[in-house]
Amino acid sequence: MKPIGAFISLKALKEYGNRLLEEYGIEYVHTHLPVFPEEAKELYNGVRCLPENFEKESYGDLKRLLEELRGVGLKFFASYPVFSRPEIARRGPEYSAWTILGKPHYARACPTNPDVLRRIVADLRSLVRLYHVEGVVLDFIRFESPMAGLDYFLTCFCPSCCEEMKSLGYNPVFIKRDWLRMMDFLGKGEFPKEIVRQGTLSTPDVLDVYNEFPGVFEWFKYRSEYIESVVRIFSSAVKEEGGRGTVIGANLLSPWWSMLTGQSYRALSRILDIIEPMLYFDWMQWEGLTAVKELSHTYGLDKDLLSKFYYVATGLSTIVQPRNYDETRLSGLPSSSIEAGLMKISHWNVGGARIWPVILILRTDFVHYLLGERISNISVAGREFFMESVKSAARGRADGLVYWNFDGAEKDVVRELYTVWRSESL
Ligand SMILES: [Zn+2]
């Protein structure tokens, strides 16, 4: 059987740890482990934004728990949220990402700030050193996505990041100018109305936009190049600390969204051992909703027409009939989207990384902070749907399977999914 992993909290690990493998087939525990700088002081030499120290007693208990659970065959991947760091961003504007107009991001650390980078490397090394984890999975190893709205999407343009752009051969002044000019052009409304009316984004339209605003395209290229360079640094740190056998993986956005945030499967497959694409049937459909809402408002476009065009522009129209705005926020893609995502990734996996899709096994219904509206998958999600999702991952020839997440899932269903995976993933 190909391996199963799951995101699981430390609390649930204490409760279910002994049964995880036998009852649910879960071998690879993905969890957030607290760093404990007191035990790895020299790693943090020169780091100014130090982590808080975790309680010594709890740290000891946790180490013992991991050792005990290794005895029943569990393996541990430390999940590490690289740039989504409200606690670092809050330390001051120099630590947070900046929008194109210079506003600090409330939750994102600046990806080029040297002190932030030193801190990340120290944390990664200490996770490997302190807990002897079998691997580290980088989460939020990307720039902001459109779900945060256009303002936050256009980050980071702080002085440090502009310097970084220059050192990689990009011109930040030119990139900023083209973005602002393009927004202005779109704001006039004629071009967006025309493409939404046509319902397609044709080659001449794309080339026309490229000719007029090449800096916008350069910016996407810069994003990928930069993420690739830091993944190399983080990967070397992990391997140096734990040995070549220590697994380095990353949670990447689905192939419909990854390129917008600086995640190139092509480039990262050459560095990472395991890629864990988050093929969430609902989020793959929701990721651009805030942008749809904002654009329709700002440019006077029909929200439903723009929503339908959104499926064409992202490529999601190859999986599902384009939906209007409310249908989009209150549903999800069919389970076949997992197989479709895996197929798309397989063409980009030039480095031969193992692909372990993360699939969603939760019912979700809440008001999204940035969208300001309810999003929900409950019209779709349920036992039957999750079974189909596992089959879809198997058909897509996934090398392993990861659940998001164990805590919130119905345990009977997780048990059944194990049976399905065991028979389908041969
Ligand atoms: Zn920055």
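Author: Leaving aside its neighbours within four places in sequence, N377 has contacts with D282, G332, R363 and T364. Two residues are in contact if their C-beta atoms, placed from the backbone, lie within 7 Å. This is a predicted model: local features need pLDDT of at least 70, side-chain atom pairs count only at pLDDT 80 or more, and totals for chains, interfaces and linings use all residues. Residues are numbered from 1 along each chain as its sequence is written.

Reader: Where is N377 found?

Author: Helices (H or I, at least four residues) and strands (E, at least two) are DSSP runs, numbered from the N terminus. N377 lies in the loop between β12 (373-376) and α18 (383-395).

Reader: Is N377 buried or exposed?

Author: A residue is buried if 20 or more other C-beta atoms lie within 10 Å of its own, exposed if 12 or fewer, and partly exposed in between; the C-beta atoms are placed from the backbone. N377 has 24 other C-beta atoms within 10 Å, so N377 is buried. N377 and F281 are 8.8 Å apart in space, C-alpha to C-alpha, and 96 residues apart in sequence.

Reader: How do I read the packing of α5 and α11?

Author: Axes are lines fitted to C-alpha atoms, for helices over the stretch in contact, and angles run from 0 to 180 degrees between N-to-C directions. Helix α5 (residues 114-131) packs with helix α11 (residues 214-242) at an angle of about 30°, and their axes are 9 Å apart. That makes α5 roughly parallel to α11. Angles under 35 degrees count as roughly parallel, over 145 as roughly antiparallel, 65 to 115 as roughly perpendicular and the rest as oblique.

Reader: Which residues make the contact?

Author: From α5 they are I120, V121, L124, R125, V128 and R129; from α11 they are I233, F234, A237, V238, E241 and G242. By class, the contact of α5 with α11 has 8 nonpolar, 1 polar and 3 charged residues. Here Ala, Val, Leu, Ile, Met, Phe, Trp, Tyr, Cys and Pro count as nonpolar, Asp, Glu, Lys and Arg as charged, and the others, Gly among them, as polar.

Reader: What should I look for in the backbone angles?

Author: Most residues other than glycine have a negative phi, and most peptide bonds are trans. H132, in the loop between α5 and β6 (135-139), has a positive phi near 50°. H132 counts as partly exposed, because 14 C-beta neighbours lie inside 10 Å. R397, in the loop between α18 and β13, has a positive phi near 60°. R397 has 13 C-beta neighbours inside 10 Å and so counts as partly exposed.

Reader: Which peptide bonds are cis?

Author: C156 sits in the loop between α6 (150-153) and α7 (159-167). A cis peptide bond also joins W404 and N405, with omega about -20°. N405 belongs to the loop between β13 (401-404) and α19 (411-424).

Reader: How many helices and strands does the chain have?

Author: The chain has 19 helices and 13 strands. Buried residues make up 46% of its 426 residues. Of the contacts in the chain with a separation of 6 or more, 74% are between residues 24 or more positions apart.
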